[in-house]
Structure formats: C-alpha cells, structure tokens
Amino acid sequence: MSMINSNRGLSFIYRDIFPIGTAINEGMIERYGRIITDNFASITPENELKFHNIHPRKYDYQFDKADYLVDYAISNGMKIRGHTLIWHERLPDWLIYENEKRVSKELLLKSLKEHIHKVVDRYKDKIYCWDVVNEVISDDEHTLFRDTALYQIAGEEFIEKAFYYAHEAAPKSKLFLNDYNACIPSKCDKIYKLVKKLKSDGVPIHGIGLQGHYNINFPASEAIDNALKKLSELELDIQITEMDVSMYGYENRSTDIVCPSNNMIERQKIFYDRTFEVYRKYKNVISGVTLWGVADDYTWLDEFPVYGRKDWPLLFDEKLQKKPAYEAVTCWER
Ligand code: GLA
C-alpha cells in the first residue's frame, strides 16, 4: 500500500478518478487566484446562470457575468457545469404573473422553452452539463413533487418538457436532475422513482446531481454509500454538485461557535475523508464532485440558516490556507 500525497493540487490528484469542481462568482476569481486553477478542474457559476440573474425581465437577458465565468473557465482549460435552468427560487415574477394573475400553463411552458433554448444554445459548445431542474422533489413524505408555483401551474409536465427543451438546444450536453438529501432513504426513493420514470418515458436525462450540503455530524458515510448504490442502479451519471460540510447540525440555530475548536476541525477532516472514500468507491458512476465554494471566508452558510452566523464548511480556511480536511481528501491509502 502506498500513500498518495502530493504537493500538486486537488484536481491533479483526482485526474484519473473524477473532475473536482468549485462554485464561483466573478469576485472570487481575483480573490483566490491560483487556488482555483491549481485545485479545480471544473467550475459552476454560483448564481449567474440562474433564471432571475440571467433573464430578469421578459425581453432582457443579462449574459455578461455568466460569459465572464465561462470564458475564464475555457481559458484555463476547465469544464463548466451549468446550474441551473429551473429552480423554484430565483424565478422572476414576470414568468409566473401577467397582469397580476398567474399565467396559463401554455404561456408558462412557452416562456420556459424560450428561456432554455436561448441560454442553453448560447453555451452549447462550452457548458458540458446542465442541472436542468433543481429541487423539484418534495420533502413531505406523502408527495413526490415540491408544491411550487411552477408545479401548480404546469403540473409535473414542466419537468420533462424542460429536459426536452434543453436537449433540443444542446443535444450533446449531459442533462441532470439535481436535488438534496439523497442520503435520507425516503428522499432517495423519490429521486429514484422520478428518474426511473423519466428514463422509461424516453426523456433525455443523463445524470443525477446530489447537492451534498452536509455537516460534521450528518450523514453517516454508510447513508451516502447506500444512496449511491441505489441510484447507480439507474445507470446514469451521478455527480456531487454542491458539497460543503457545516460545523453546525441541521437543526442547530445557535450562534455558539466563535471559532471552530480543534475537535471540530478534526471531525470535519474525518467527515471529508470518509465521504471522499465513498465517492472514490463509486468512481465508475460518479463523473464529478463539486464543492460549493473555495475557502471559509466566503460561504452561503454565513447567511443560511441563520443570517450573519459564521460557518467554516470548505477545504481552505479564512486565510486561504489548506485545512486538515484538504489533507484528508488529497492523501489516502490505496
Ligand atoms: C441550493 C442551490 C444552489 C445554491 C445553494 C446555496 O442548494 O441549488 O444553487 O444556491 O442552495 O446557496
């Protein structure tokens, strides 16, 4: 057995396993500089491709920021994940309402088609995969679909239509359904059920995205393993699309942690270590692992679920130094 340990970056170490990515915005490129290019082989624009950002008004597309990130990735030889075409959050009002009334199903589908065609076509030779729909599955144990305005207007049809529209615009792109908490068996079963149905109906779906917003106590690596085992039966690509590991448990709304203790940092390291071990075990089915950010100085968890509460979920610390978790994922025995 030899220890894999190298001073070369994360994505180099994983070059024969799967591409490692990060979610970035424009400001992060300057702030992190070579940390990004040395460690990541793929980028996901953090918000710039989301509906409201790129298409805020009916006849107004704002491509500048997304173009900038896409050009940055291409000029650095990185892959680009498109995130996301349809999500119930960050939707502009004009899509759902006209003259203060909800639009008809026909009009909604027409707008979705125009949007998807325009955005996917623009990047068709650059963005290799898309999260076509994000978080469409319900957390309520009695229902399959999340009850959103989109669902109320168009029923489940908007989901399969979105895949067809994206496929028409970029037949070579890999199209994903993205969701969270697949490590919870009831949610995993629902993801499985929906993807299986889409597949058997001939819908052009090629992958399942698992977000991977974890915390140092949850989930157990067996639960991640079980989810990957079950979902690999569908014979599609699987990607981990938004991984981070909070220091706080899901239900914890306290603001107790001023600075993470050594014990927390160690537990986070162990969590990353075990989780990546499971990912490596499924390397034949996993075609990418993306972290939701780069360093602890900037994370969405500083605003969620408690606004203004600092968190430390990533592989680099606030001073942009490698954390023990970084060492764990880049150094393992085989
Ligand atoms: C969800 C979305 C992402 C991102 C994260 C956190 O998981 O899919 O686009 O917004 O929340 O910010």
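A residue is taken to be near a molecule if one of its heavy atoms lies within 4 Å of that molecule. By this criterion the ligand is surrounded by K50, H83, W87, N134, E135, Q211, H213, E242, W292 and W300. The model is predicted, so that local features need pLDDT of at least 70 and side-chain atom pairs count only at pLDDT 80 or more, while totals for chains, interfaces and linings use all residues. Residues are numbered from 1 along each chain as its sequence is written, and side-chain values use heavy atoms, with hydrogens and water left out.

The shell around the ligand consists of three nonpolar, four polar and three charged residues; here Ala, Val, Leu, Ile, Met, Phe, Trp, Tyr, Cys and Pro count as nonpolar, Asp, Glu, Lys and Arg as charged, and the others, Gly among them, as polar. Polar contacts were defined as pairs of N or O atoms within 3.5 Å; within protein, one atom must be able to donate a hydrogen and the other to accept it, and residues adjacent in sequence count only if both atoms are side-chain atoms. A polar side-chain atom of E242 is placed 2.5 Å from an oxygen atom of the ligand. For N134, the distance from a side-chain N or O atom to a ligand oxygen is 2.8 Å, and for a polar side-chain atom of H213 the corresponding distance is 3.3 Å. On its own the ligand has 300 Å² of accessible area, of which the protein covers 89% (Shrake-Rupley method, 1.4 Å probe; for residues, only the protein chains shown count as cover).

Grid points are joined across faces, edges and corners, and a volume is the space filled by probe spheres set on the points. The ligand sits in the largest pocket, as more than half of its atoms lie within 2 Å of the grid points. This pocket has a volume of about 1100 Å³. Its lining comprises 47 residues, with E135, Q211, H213, W300 and F304 nearest the centre, and divides into 19 nonpolar, twelve polar and 16 charged residues. At least two lining residues each come from β4 (79-87), β10 (213-215), α11 (221-232) and β11 (237-246); helices (H or I, at least four residues) and strands (E, at least two) are DSSP runs numbered from the N terminus.

Three cavities of 30 Å³ or more were found. The largest cavity holds about 60 Å³ of space and is lined by 13 residues, those nearest its centre being H88, E135, V136, T148 and F158. Two or more residues of this lining are given by each of β4, α8 (149-154) and α9 (157-169). Eight of the lining residues are nonpolar, three polar and two charged. The second largest cavity, of about 40 Å³, is lined by A23, M28, E46, W292, G293, Y298, T299 and W300.

Most residues other than glycine have a negative phi, and most peptide bonds are trans. The bond joining F218 and P219 is cis, with omega about -5°, and P219 lies in the loop between β10 and α11. A cis peptide bond also runs from F304 to P305, with omega near 0°; P305 belongs to the loop between β12 (286-291) and α13 (324-330). E100, in the loop between β5 (97-98) and β6 (101-102), has a positive phi near 65°.

Definitions and conventions
On a 1 Å grid over the protein atoms alone, a cavity is a set of points where a 1.4 Å probe fits but cannot get out, and a pocket is an open set with protein on both sides within 12 Å along at least five of seven lines; lining residues have an atom within 4 Å of a point.
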